[in-house]
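User: I would like to go through some assignments in this structure and hear what each one rests on.

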Amino acid sequence: MEDIKFDVKNLDLYYGDFQALKNINLEIRANKVTALIGPSGCGKSTFLRTLNRMNDLVDGVRIEGDVIFDGSNLLSSQTDVIGLRTKVGMVFQKPNPFPMSIFDNVAYGPRCQGIKDKKELNEIVETSLKQAALWDEVQDRLNKNAMGLSGGQQQRLCIARAIAMKPEVILMDEPTSALDPIATKKIEELIDVLKKEYTILIVTHSMQQASRVSDDTAFFLLGEVIEFDSTLKLFSNPKNKKTEDYITGRFG
Ligand SMILES: Nc1ncnc2c1ncn2[C@@H]1O[C@H](COP(=O)(O)OP(=O)(O)OP(=O)(O)O)[C@@H](O)[C@H]1O
């Protein structure tokens, strides 16, 4: 049987009276890249944030349904939310390194978890930066401030920071929208390597990016998932007219 990382069942989300997600049912496959596409305001980021309970931080949110992760419903009040966010890391649209050294950025999470041993921290930092394809560029300046890195390097540092927590899943919310084409290509190549070890979900406004990097794609519209299929099928032979209109740019 296919290994499913998140089994989303009948998920509804309300911001006050406004329903932002409507009866979402999705099976997110483990060690695959799932792209979330759709026009602005259709609920992609809201859905992504549900998977590591980031929406808990928003006042007036109400969530119904189930999201089965590692055998239990992560929406349950019993969920250890801090533990969940360790397993389900996140990378944001704008690179957001902490104003501290490159080393300290990556070591931040492990230190918070109580790891103090210098040798162990060195190893975590090196492995994470290597996995994020940044090591070669920064190994000689680990003690320099991360704010001095280029935007693309900062985003890979944020990926390294997420990796340092040894997550199972990495959520990426438009991770390349603030980057130039070369930095974007590097991140896309990195995603392809990372999926061997992690399950990745990526929100993107670029149809080309979704088709380049993802295995599965979900098309969101006005809070609903209109179509969910393998990326190849969804882009080459969409079943729904609305999907076809969106991916061919006829959406208006
Ligand atoms: N904190 C909030 N409080 C109230 N409404 C919100 C909040 N966050 C998002 N919304 C609303 O929920 C809907 C979905 O927003 P969301 O950011 O998830 O969409 P999106 O598809 O990610 O959009 P974009 O592509 O522009 O990032 C929108 O109508 C938005 O205005």
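Analyst: The buried residues of helix 4 pack against helix 3 (102-112), helix 5 (135-138) and helix 6 (151-163). Contact here requires C-beta atoms, placed from the backbone, within 7 Å. This is a predicted model: local features need pLDDT of at least 70, side-chain atom pairs count only at pLDDT 80 or more, and totals for chains, interfaces and linings use all residues. Residues are numbered from 1 along each chain as its sequence is written.

User: What makes helix 4 a helix, and how do you know that its span agrees with its 14 residues?

Analyst: Helices (H or I, at least four residues) and strands (E, at least two) are DSSP runs, numbered from the N terminus. The expected span is 1.5 Å times one less than the number of residues. For residues 118-131 that gives 20 Å, and the end C-alpha atoms are 20 Å apart, so the two agree.

User: Which residues of helix 4 are buried, and which on the other side are exposed?

Analyst: Buried means 20 or more other C-beta atoms within 10 Å of a residue's own, exposed 12 or fewer, and partly exposed in between, with C-beta atoms placed from the backbone. Ile124, Val125, Ser128 and Leu129 are buried in helix 4. They cover an arc of only 120° around the axis, so they lie on the same side of helix 4. The arc is taken from the directions from the helix axis to the C-beta atoms. On the other side, Lys119, Glu120 and Glu123 are exposed.

User: What phi does Ala133 take?

Analyst: Just after helix 4, Ala133 has a positive phi of about 55°.

Terms used: Two residues are in contact if their C-beta atoms, placed from the backbone, lie within 7 Å.
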